[in-house]
Amino acid sequence: MAQYLAKHTDECCGQAVKHTGTAQGEFVDVGGVQTYVAYAPDKSLDRIILFYCDVFGPKFLNNQLVCDWFAEHGYTVLAPDCFNGEELEKVMHTEGFNIMAWITPWRESAPKLIAETFLPAVKTQFPAKGYASVGYCFGAPMVMADLTTDHSVAGAIAHPSSLTDEHFKLVTGPLFLSCAETDPVFGAENRHKAEAILAEAKRTYHFQLFSGVRHGFAIKGDMSNENERWAKEQSAWGILGWFDRFLKK
């Protein structure tokens, strides 16, 4: 029986400090899935990042700004909305709201939406020389699926959720993991188990671990805190370098 190494969405997944800035991308219909698209400076579709958001989804400014950052560095970025327009930021403060109950149906429907609807449309609307996948928290299982089916050349996950030992056993593509020292969802013991699985299978992988930050730091950290800001930025640079390594221009 599969064992969860990264647990399902927790209360900590809904904790966020909203960032400031102006999003540069736009929403495009990709096979019926509303998708935030941030274009590379030259509008090239040669290298595309499939950006699987955390529970706040692609309408959340923090996610858009990270998409834009990857775009500034030469990738066109596609962030599909797995929540059918519903925004955690707008519903989480309603009386009696329970994030675990809210996310369950989306967790069940998202992988099918991505595999059966979004990815086939991407190949038609955004044909590329190579795709990479990055997933934050909720988006991690879609990255693992892309790396298991060879849809993407390389993948990265940051503070993942909803991953079993089977995900790590089955993954074949190069995997980058950006992790927090304090993470009730993907704690140290289970992180080490994931590493052992990847090592035993002789996969290509890399772990980076940041002290003084919690689950969600790569998207939702406090940018007024020097350590949290540095960790967020270094996570992005690490992921970018990983993709540059495997997706040549």
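These entries go from the helix to the spaces and then to the angles.

**Entry 1: helix H6**

I noted first that this is a predicted model. I then looked up helix H6, which covers residues 188-200. It has 13 residues. From its first C-alpha to its last it reaches 18 Å, close to the 18 Å expected at 1.5 Å a residue.

Which residues of H6 are buried? I found Asn190, Arg191, Ala194, Ile197 and Leu198. I looked down the axis of H6, and its buried residues fall within an arc of 120°, so they line one face of the helix. The face turned away from that buried side carries Glu189 and Glu200, both exposed.

Next I asked what covers the buried residues of H6. Just after H6, I came to Lys202, which takes a positive phi of about 60°.

**Entry 2: the cavity**

Rolling a probe the size of a water molecule over the atoms shows where empty space is left. How many cavities of 30 Å³ or more are there? The count comes to 1. The largest cavity holds about 40 Å³ of space.

I listed its lining: Tyr52, Cys53, Asp54, Pro80, Cys82, Phe83, Phe138 and Met142. By class, I have 7 nonpolar residues, no polar ones and 1 charged.

The largest pocket came next, with about 390 Å³ of space. I read that 19 residues line this pocket, and the closest to its centre are Leu65, Trp69, Arg229, Lys232 and Glu233. Helix H1 (61-72) and helix H8 (226-246) each supply at least two residues of the lining. The lining of the largest pocket has 8 nonpolar, 6 polar and 5 charged residues.

I moved on to the second largest pocket, where the volume is about 200 Å³. Its lining has 14 residues, and the closest to the centre are Arg214, His215, Lys220, Gly221 and Glu228. Which elements give two or more residues to this lining? They are E10 and helix H7 (217-220). E10 gives the most, with 3 residues. By class, the lining of the second largest pocket divides into 5 nonpolar, 5 polar and 4 charged residues.

Most residues other than glycine have a negative phi.

I looked up Asn84 and found a phi near 50°, a positive value in a residue other than glycine. Asn84 lies in the loop between strand E5 (76-80) and helix H2 (88-91). Is Asn84 buried or exposed? At 68% relative accessibility, it counts as exposed, because exposed means over 50%.

Then I checked Cys137. Its phi is positive too, about 55°, although Cys137 is not a glycine. Where is Cys137 placed? I found it in the loop between strand E6 (130-136) and helix H4 (140-148). Cys137 has 0% relative accessibility and so counts as buried, since buried means under 20%.

Technical notes
Residues are numbered from 1 along each chain as its sequence is written. This is a predicted model: local features need pLDDT of at least 70, side-chain atom pairs count only at pLDDT 80 or more; totals for chains, interfaces and linings use all residues. Side-chain values use heavy atoms; hydrogens and water are left out. Helices (H or I, at least four residues) and strands (E, at least two) are DSSP runs, numbered from the N terminus. The expected span of a helix is 1.5 Å times one less than its number of residues. Buried means under 20% relative accessible area, exposed over 50%, partly exposed in between (1.4 Å probe, protein chains only). The arc is that of the directions from the helix axis to the C-beta atoms. Contact means heavy atoms within 4.5 Å. On a 1 Å grid over the protein atoms alone, a cavity is a set of points where a 1.4 Å probe fits but cannot get out, and a pocket is an open set with protein on both sides within 12 Å along at least five of seven lines; lining residues have an atom within 4 Å of a point. Grid points are joined across faces, edges and corners, and a volume is the space filled by probe spheres set on the points. Ala, Val, Leu, Ile, Met, Phe, Trp, Tyr, Cys and Pro count as nonpolar, Asp, Glu, Lys and Arg as charged, and the others, Gly among them, as polar.
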